[in-house]
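Welcome, and please open the model in your viewer. We will go from one selection to the next, and at each stop you will hear what is there.

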Amino acid sequence: MTQLAYDRYCDEIAHQVRQLSAVVTSGADLSTTVPTCPDWSLEELVRHTGGALRWVEALVRTRAQENIPAERIPLAEGPEAQGDPAALNAWLLETGRIVVAALREAGPDIKVWTWAGIPDTGFWARRMTHEITIHRADAALAAGLPYEVAPEVAVDALDEWLQIVELIQRSKAVPAAEELRGPGRSIHLHATDAGPELNAEWVVELTEEGVVWRRGHEKATVVLRGPLTSVLLAFYRRLPLDSPGLEVLGERELLEFWLERATFG
């Protein structure tokens with residue numbers, strides 16, 4: 001599948017950091033529980049997201065050929081001050097600046113360690129784009145703020161998520177993913193508000209050999225239809241299937257089965 005350009009990923013990371021910064025400085029209670037990540041407060045979510053970006057910055061900047069433990073990365077856990085929106089925001093903005101600078105300086109083809117067997121900086125630019133895009137949705141939902149994402153980014157996020165499921169199945173690293181097999185079952189995702197140039201429809205087949213997917217409009221065991229952003233967030237378990245604008249047609253149990261097991265990453 002066609003991915004976004006490398007520079008577009010760098011631009012999007014910078015944009016998403018600014019958007020997450022707007023949540024931090026919105027006056028939202030940093031101690032509020034994030035409903036889609038209930039083990040975290042809003043502040044903990046921001047620290048987690050920024051920590052992931054700082055980890056990638058260290059990997060890319062040092063051209064690491066093996067993983068770098070978090071304890072070796074300066075300020076990976078965020079600022080010392082707790083519950084201080086100004087300190088958290090300053091740390092987040094600096095985090096965004098350094099990771100984007102490291103990615104831009106490296107370019108897309110520098111060899112660097114990744115967990116996915118795709119050992120280049122292009123992987124990290126794409127992965128961090130969608131990491132922060134989805135966690136910004138978590139933050140916006142926790143703060144009760146609106147959430148929007150560019151259509152081409154949402155489409156690429158769905159492509160990447162399906163590729164991660166394929167990867168996890170091949171590696172046999174997550175037992176739950178092994179349950180996403182079996183003949184004769186399929187899921188169709190259909191974004192109802194996307195232009196034809198985006199081809200924002202997906203067919204996901206659960207076969208004995210593993211998940212197989214492609215873009216297109218085909219009959220399936222179950223269909224999830226709705227606005228692109230809502231389909232994205234529902235498929236990432238960020239919105240309930242009964243959310244306004246979403247429609248599930250066919251065997252809802254299969255879609256719920258998928259969502260219960262595709263929870264890694």
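Begin with helix α8, residues 252-261. Helix α8 lies across β3, β4, β5, β6 and β7, and runs at about 90 degrees to β3. Helices here are DSSP runs of H or I with at least four residues, strands are runs of E with at least two, and both are numbered from the N terminus. Angles run from 0 to 180 degrees between N-to-C directions, with axes fitted as lines to C-alpha atoms, for helices over the stretch in contact.

A word on what you are viewing: this is a predicted model, in which local features need pLDDT of at least 70, side-chain atom pairs count only at pLDDT 80 or more, and totals for chains, interfaces and linings use all residues. Residues are numbered from 1 along each chain as its sequence is written, and side-chain values use heavy atoms, leaving out hydrogens and water.

Next, select the five strands of the open sheet, ordered β5-β4-β3-β6-β7 with mixed pairing. Strands pair if DSSP finds at least two bridges between them. The edges are β5 (210-215) and β7 (247-250), each pairing on one side only. From one strand to the next, the twist averages 15 degrees.

Zoom in on β6 (residues 222-226), which runs antiparallel to β7 and is joined to it by four bridges. Here arginine 225 stands opposite glutamate 247 in β7.

Move on to helix α1 (residues 6-24) and α2, whose axes come within 11 Å and cross at roughly 160 degrees. The two helices are therefore roughly antiparallel (angles over 145 degrees). To see where they meet, show Ile13, Val17, Leu20, Val23 and Val24 in α1 with Leu42, Val46, Thr49 and Leu53 in α2.

For the last stop, which residues do ring pairs link into a cluster? Select Trp55, Trp113, Trp115, Phe123 and Trp124. Rings of Phe, Tyr and Trp (its six-membered ring) pair if their centres lie within 6.5 Å; planes under 30 degrees apart are stacked, over 60 edge-to-face and the rest tilted. Phenylalanine 123 and tryptophan 124 form an edge-to-face pair, 5.0 Å centre to centre with 70 degrees between the planes. Tryptophan 124 is buried, at 0% relative accessible area, while tryptophan 113 is partly exposed at 23%. Buried means under 20%, exposed over 50%, and partly exposed in between, using a 1.4 Å probe and protein chains only.

How values were computed:
Angles under 35 degrees count as roughly parallel, over 145 as roughly antiparallel, 65 to 115 as roughly perpendicular and the rest as oblique. Contact means heavy atoms within 4.5 Å.
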